[in-house]
Amino acid sequence: MTTSLSTSDIGAAFFVSIKASVVVYLGAIFLAPVWAFILHYHEPNFLIPVLALNLIINGFSSVPIGLLKRSFRFKFLALTEISSSIFGYFFVGLGLAYLDCHVWSLVFAILAESFVTFMLSFFGVKNLITLKHSSSDRIFFMNFGKKYSLIGFLEFLTANCDALVVAKFMGESRSGIYNRATLLANLPVQTLVNVLTNSLYPILTAVSLDIKKVGYSFLLLISLVGGGTLMVSIGISIAAHNIVDILLGDKWNVVADVLRILVFSVPAIFIAHVTGVVLDSRAELKGRLIIQATSLLTLILLLVFNFNHGLYRDWE
């Protein structure tokens, strides 16, 4: 395993990223009616074809952002994120909302933010970006991308399987309650953990051949993330009712009962995230695939078990 990148490597990665994003975009449009049927949503939805364009934009920006991270240019990345958010949500989003564009203001705000992120990140590494590559490099990245895409799909199912079950069998009201509880449980530590792992990922990649350094970094990460998220989770559980009252209001008090229990899943979720980052840095996708598949299978079995033992009836 090598930690260096050639011009052909970058070109192949950029080409495969764009191609994959287009395929996923077409798949999202094709599967939209299926998800609508599963969730009993029968009204025509014109948002998905437009909002899914964000997938293609992200396909163009993933390689430039990755190169910036690899070069430790975190200040440039931070300025890029701040600038894109201000332009997308403040100027485009609020501007369209002022013109009574309703949900479309949020859709175009998201697209504008992603487009500005791509433009700025591309400008930051424009001297490195190319589409020239060899067929062998393209095949390597496509094979690597297939495994990584499968892992990403399993991650998506694991992250959303429970919410889909709630929406399918318990209705929109309980789905909204569960969604708010999940959001409040994850948000306090999500940004901090992402900043930490994004900052350390290039370092882990650089020392990926030194197993001792990788092991030390892994232990340090899970200690910081596991201990920190556990302390935050305990605090949120204790103050769940106060947090919900302040952030959501009195009408959402039922969310607190779900939040105080759900929040204790957060440490395990982010420890698994850190484990995935370390495995990614060493390109050990087989191990990560086994972990993700096992997690999804365990979640499905627990959902079936709980559903058969009164999960639905207890929430009536």
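The C-alpha trace spans about 60 × 55 × 35 Å along its principal axes. The structure is a predicted model, in which local features need a pLDDT of at least 70 and side-chain atom pairs count only at pLDDT 80 or more, while totals for chains, interfaces and linings use all residues. Residues are numbered from 1 along each chain as its sequence is written, and side-chain values use heavy atoms, with hydrogens and water left out.

The mean pLDDT, which is the predictor's confidence in each residue from 0 to 100, is 83 for the chain, and 92% of the residues score at least 70. Confidence is highest in helix α5 (residues 103–124), with a mean of 92, and lowest in helix α12 (residues 311–314), with a mean of 53. Where pLDDT is low, the predicted coordinates should not be read in detail.

The secondary structure consists of 12 helices and zero strands, where helices (H or I, at least four residues) and strands (E, at least two) are DSSP runs numbered from the N terminus. Of the contacts in the chain with a separation of 6 or more, 82% are between residues 24 or more positions apart, a contact being a pair of heavy atoms within 4.5 Å.

Of the 316 residues, 33% count as buried; buried means under 20% relative accessible area, exposed over 50%, and partly exposed in between (1.4 Å probe, protein chains only). In helix α9 (residues 253–262), the buried residues are V255, A256, V258, L259 and L262. The cover over these buried residues of α9 includes α6 (135–206), α7 (211–238), α8 (240–247) and α10 (266–281).

Most residues other than glycine have a negative phi. D100, however, has a positive phi of about 60° although it is not a glycine, and H102, likewise a residue other than glycine, has a positive phi near 55°. D100 lies in the loop between α4 (74–98) and α5, and H102 is placed in the loop between α4 and α5 as well. D100 is exposed, with a relative accessible area of 56%, and H102 is also exposed, with a relative accessible area of 65%.
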